[in-house]
Amino acid sequence: MNILVADDERMMRIGMEKELRKVLPDASVFVAANGDEALEIFDKVDIHLVFLDIEMPGKNGLEVAKRIKELSPETNIIMTTGYPNYAVKAYKMHVGGYLMKPVDADDIREELEHLRHPIEIKKDPERLKLTCFGEFRAELGGEPLRFSRSKSKEILAYLVAKNGASATRVELCDILWEDEERRSSKSYIGALVMDLKKTLKSVGLEDILYHGRNEYRLQTDKVDCDYIEFLKGNPEAIRAYRGEFMNQYSWAEEYIWDLEQEARISG
């Protein structure tokens, strides 16, 4: 979806774009500082939704709205202003909506629900929930993720513990097996990683795992995780920590001391 925002105040343009990103993260937002610039963009880009400030130098928002409606009657137009006395004029033009500034995400959502020409809004995909305090769990929509091999799940757990840092094949081998098994297990890592990728792909989450040449890491911004939130200083995540971290994995014990220190500092 292409969205046009026209406002002569720079901070209003920035704020409007920020709030739009919260509601329509996948949209392309084009900004204009005046009416002429707005019409120039509209002429070059296939715009689906327009937010027009009414008070602008040169052509004001009402004049721009009139011209847009002549060019494309089904384009949704929402007027924005700090002056309520313009409401009557805006509604007489039969625009799609009218908002008082400053505009926030909730205002935008409400107007989108009442557009003259409805736009299908793509919902955010479900995020993988990773629980590290206690036993490690991976859930999607309240259901546990099904791993065909326990070691595949353990690789995911270790990458979570790395908090976005990369792990190598040798490092994973050292974590997953005892000394006498490491040499014979190195070639098996590749198969386990492929199995993990297959599991994630089956639920549409393959993009959370980065796999480069001898480099594996978790895209931490694409998951919800108590441990990651703890490291960010989230008070709720800090309160949730009770001295247990990925209990089923012996290597996870080395992380507990750091967690305890962080918890003391935060407490």
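Predicted model: local features only at pLDDT ≥ 70, side-chain atom pairs only at ≥ 80, totals over all residues.

Visitor: How many helices and strands does the chain have?

Guide: The chain has eleven helices and eleven strands. Of its 267 residues, 43% are buried.

Visitor: Which residues have the most contacts inside the largest nonpolar core?

Guide: They are Leu128, Leu130, Val160, Phe245 and Met246, in a core of 46 residues. Helix H6, residues 150-161, gives the largest share of this core, with seven residues.

Visitor: What is Phe245 in contact with, leaving aside its neighbours within four places in sequence?

Guide: Its contacts include Cys132, Phe133, Ala161, Tyr227 and Leu259. There is also a second, separate core of 19 residues, with Leu39, Ile47, Val64 and Met79 among them.

Visitor: Changing topic, what is the strand order in the open sheet of five strands?

Guide: The order is S2-S1-S3-S4-S5, and the pairing is parallel.

Visitor: Why is one side of S2 and of S5 left without a neighbour in the sheet?

Guide: Strand S2 (28-32) and strand S5 (97-100) stand at the edges and each has a single partner strand, so one side of each lacks a neighbour there.

Visitor: How many bridges join S4 to S5?

Guide: Four bridges join S5 to strand S4, residues 76-81. Ile78 stands opposite Gly97 in S5.

Visitor: Which strands does helix H2 touch?

Guide: Helix H2, residues 35-44, packs on the sheet and touches S1, S2 and S3. The direction of H2 makes about 145° with that of S2.

Terms used
Residues numbered from 1 in each chain as written. Heavy atoms only, no water. Helix = DSSP H or I, 4+ residues; strand = E, 2+ residues; numbered from the N terminus. Buried < 20%, exposed > 50% of the residue type's maximum accessible area, 1.4 Å probe, protein only. Core = buried A, V, L, I, M, F, W, Y, C linked by side-chain atoms within 4.5 Å. Contact = heavy atoms within 4.5 Å. Pairing = 2+ DSSP bridges. Axes fitted to C-alpha atoms, helices over the stretch in contact; angles between N-to-C directions.
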